[in-house]
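Subject: Structure for your review

Hello,

The structure is below, followed by notes on what was found in it. Please read them side by side.

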Amino acid sequence: MRLSRPTGGGPSGGDEDDSALLRAVARGDTEALAVLYDRHAGWLHARLARRCPDEETVREVLQDTFVTVWRSAGGHRGRGEAGGWIWVIAARRLVDAQRAGARADRAAAHAAHAAAPSEPAAAAPCAEERVLSGLEYGEVGAALDRISPELAEVLRATVVDGLTTRETARLLGIPEGTVKTRALRARRELRAALASGNPGGPHALGGTA
């Protein structure tokens, strides 16, 4: 499935209209998908581009996002804002693409190092990439599974999916103040879970929401 490149602009139309379009997409309506793309691709592209400097990756992620929307529209079920739901898909596809790129870079660096040991090692992943990876895998992922589910879903939305407080509130159907409170509690519980599982270990998440 190929869709035209976005021309910019922000989301338009009401969320009720978007939900109706998603229901139509779930029934196999390709015209409804095209309308959703025209309505949302511009701001999705801009937001993805702020998080990823590689234009080709951004284009691929955008296309993959709407392929996923086409396949998964029936799963929306009117829960939360449609734009937020689509952004969650885009953010996850971007994380997947960046992790795949990082794995490829590490493999290439390893091969280069094996061929020429005197060459400098590849740069270490940035802190944000380590956090994004850790929240789903390994020690941090296990700790996340031990905290309250309602706190974990806020942390996943704000950190893994990159949603703002407002977007998270709309996605989860809770007030923005509740999002902030749960985010703070989630960070505290995650640190405690990490400390209990690995005394003296590093704090994975610092700061406040």
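A nonpolar core here means a set of buried Ala, Val, Leu, Ile, Met, Phe, Trp, Tyr and Cys residues joined through side-chain atoms within 4.5 Å. Buried means under 20% relative accessible area, exposed over 50% and partly exposed in between, with a 1.4 Å probe and protein chains only. This is a predicted model: local features need pLDDT of at least 70, side-chain atom pairs count only at pLDDT 80 or more, and totals for chains, interfaces and linings use all residues. Residues are numbered from 1 along each chain as its sequence is written, and side-chain values use heavy atoms, leaving out hydrogens and water.

The largest nonpolar core has 30 residues, with L44, L48, V69 and W87 making the most contacts inside it. Helices α1 (15–26), α2 (30–51), α3 (55–72) and α4 (82–115) each supply at least two of its residues; helices are DSSP runs (H or I, at least four residues), numbered from the N terminus. The largest share, 9 residues, comes from α4. A second, separate core of 9 residues includes A152, V159, L190 and L194.

There are 6 salt bridges in the structure (a side-chain nitrogen of Lys or Arg within 4 Å of a carboxyl oxygen of Asp or Glu). One of them pairs D64 with R93, the closest N and O atoms being 3.7 Å apart. D64 lies in helix α3 and R93 in helix α4, so this pair ties together parts 29 residues apart in sequence. R93 also meets D96 in a salt bridge (3.1 Å, N to O).

Regards
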